[in-house]
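Let's take a friendly walk through this structure together. Please have the sequence and the 3D view ready.

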Amino acid sequence: MAPAIMGDPDVLAAEPQRAGDAARGWEALVNEGYVGCGAPRALYDRFAGGTPAGWRLPGRTGRSADLPYFANAYTTPSGVEVVTANCLGCHASFLRGELVIGLGDASADFTMDVTPMIAAGAFLPADPAQKAELDKLLGRVKALAPHIRTRTVGANPADHIAAVLFAHRDRETLAWSDAPLIELPTEEPIPVDVPAWWLLKKKAAMFHTGAGRGDQARIMMTASVLCVDDVASARAVDAYFPDIRAFILTLEPPPFPAPIDATVAARGKVVFERRCSRCHGTYGEDGHYETRVVPLAKVGTDPLLAEHAGQFSAPFRTWFNGSFYGEVARLEPHDGYVAPPLDGVWATAPYFHNGSVPTLAALLDSSLRRARYVIGRGRDAYDLDAVGWQTWDADASPGIDPRWVYDASAPGYSNAGHTFGDTLSAEDRRALLEYLKGI
């Protein structure tokens with residue numbers, strides 16, 4: 001990463017990070033109980049059924065070996081073995097039939113009302129210790145449920161999840177309160193697209209607005225805010241999160257799975273370096289990237305997240321920055337969006353911070369963007385020519401479940417902006433698209 005240009009207010013400088021052991025980080029990522037609660041293993045095994053072979057992590061051993069990639073087994077301090085979520089629930093995804101570690105999941109479903117599940121969970125048979133663990137998990141889900149439902153499958157409410165959990169915790173002790181201690185967000189959850197983990201090695205700041213500053217491992221471990229209820233336990237988790245970050249830094253994007261026209265791509269590189277590289281960096285052996293925040297007035301994409309919603313609004317920034325998490329990290333959002341590095345960009349559809357543009361072709365030509373569309377799913381729905389997910393017009397599909405419709409007129413869901421490709425010739429856009437397939 002090139003150093004920030006002195007005097008350029010839009011470029012964020014890198015900050016010191018703790019070193020870690022990548023091998024230990026992988027083991028911690030897929031085995032430890034850093035979320036802090038889960039469903040008792042006895043109940044999970046009874047009701048969940050088996051794990052499809054393709055959902056298991058090759059080489060994982062121990063009690064977690066037969067669980068899906070997004071779940072870990074561990075024993076709580078009360079002696080109950082539980083099955084808990086891990087980071088791969090959002091940071092791994094299937095692409096053309098293959099599980100890609102570090103690829104943000106663009107198919108998660110946060111549209112469902114989970115209240116019936118909470119009510120049913122109270123009647124599951126369990127011994128007293130198991131019931132206490134189950135009640136803890138269900139209590140946290142109950143606190144979250146009314147505030148994190150999205151309109152569309154694939155939209156992620158991560159920033160609202162964090163805000164709600166901050167609101168239910170004592171800032172000094174991290175103790176949980178059933179009643180919120182901060183007024184909860186009133187706005188609808190703003191959808192975010194989960195960035196690819198392999199980009200982290202280049203980025204000086206986390207989150208789409210560049211808000212995550214300081215120690216990145218401490219920011220990552222805020223997954224623990226779900227159920228880790230005291231500072232001593234949080235410090236124990238924090239001790240191995242630099243190792244998890246070290247593992248993340250080893251990840252590389254998958255190569256484009258089809259031939260690339262080298263002649264056309266070479267022409268596209270010229271276009272890219274003339275029109276795109278100031279914000280998105282350059283690629284190849286002499287490539288460089290700076291974490292640059294593009295002001296809202298320039299990029300023109302949906303403004304709501306950059307207007308400091310969810311965890312980035314003032315009460316929740318104050319909570320984070322004054323808590324254990326803020327000892328070495330801070331939330332410091334900006335009035336714009338970070339232009340991300342584009343390594344493996346072919347694999348990371350949909351595009352924009354809210355996942356509103358399904359293909360690179362539509363990103364480079366705003367006339368191709370639909371107002372309301374249904375996004376394709378599955379191995380055969382990935383369009384290697386347009387580079388992204390196939391879609392069809394929602395209004396031409398009567399009877400479609402509205403949860404599968406992306407409506408760009410909804411608050412936070414706009415697919416406007418970033419029209420820089422519109423002024424290119426069709427030939428230059430084609431060349432640029434071919435170049436982007438291979439970086």
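Here we begin with confidence and then visit two residues.

This is a predicted model, in which local features need a pLDDT of at least 70 and side-chain atom pairs count only at pLDDT 80 or more, while totals for chains, interfaces and linings use all residues. Residues are numbered from 1 along each chain as its sequence is written, and side-chain values use heavy atoms, with hydrogens and water left out.

The average pLDDT (the predictor's confidence in each residue, from 0 to 100) is 94 for the protein, and 98% of the residues score at least 70. Residues 1-6 are a stretch to treat with care: pLDDT stays under 50 there. For these residues the model has 16 contacts (heavy atoms within 4.5 Å) beyond four places in sequence. Where pLDDT is low, the predicted coordinates should not be read in detail.

Now turn to Gly322, in the loop that links helix 13 (314-321) to strand 9 (329-331); helices (H or I, at least four residues) and strands (E, at least two) are DSSP runs, numbered from the N terminus. Beyond four places in sequence, Gly322 touches Arg171 and Glu172. Arg171 lies 151 residues away along the chain, yet its C-alpha atom and that of Gly322 are separated by 6.9 Å. Is Gly322 buried, partly exposed or exposed? Its relative accessibility is 35%, so Gly322 counts as partly exposed, a class between buried (under 20% relative accessible area) and exposed (over 50%), using a 1.4 Å probe and protein chains only.

Our last stop is Trp392, in strand 14 (residues 391-393). Trp392 is also partly exposed, because its relative accessibility is 38%. Leaving aside neighbours within four places in sequence, its contacts include Arg370, Tyr373, Ile375 and Ser397.
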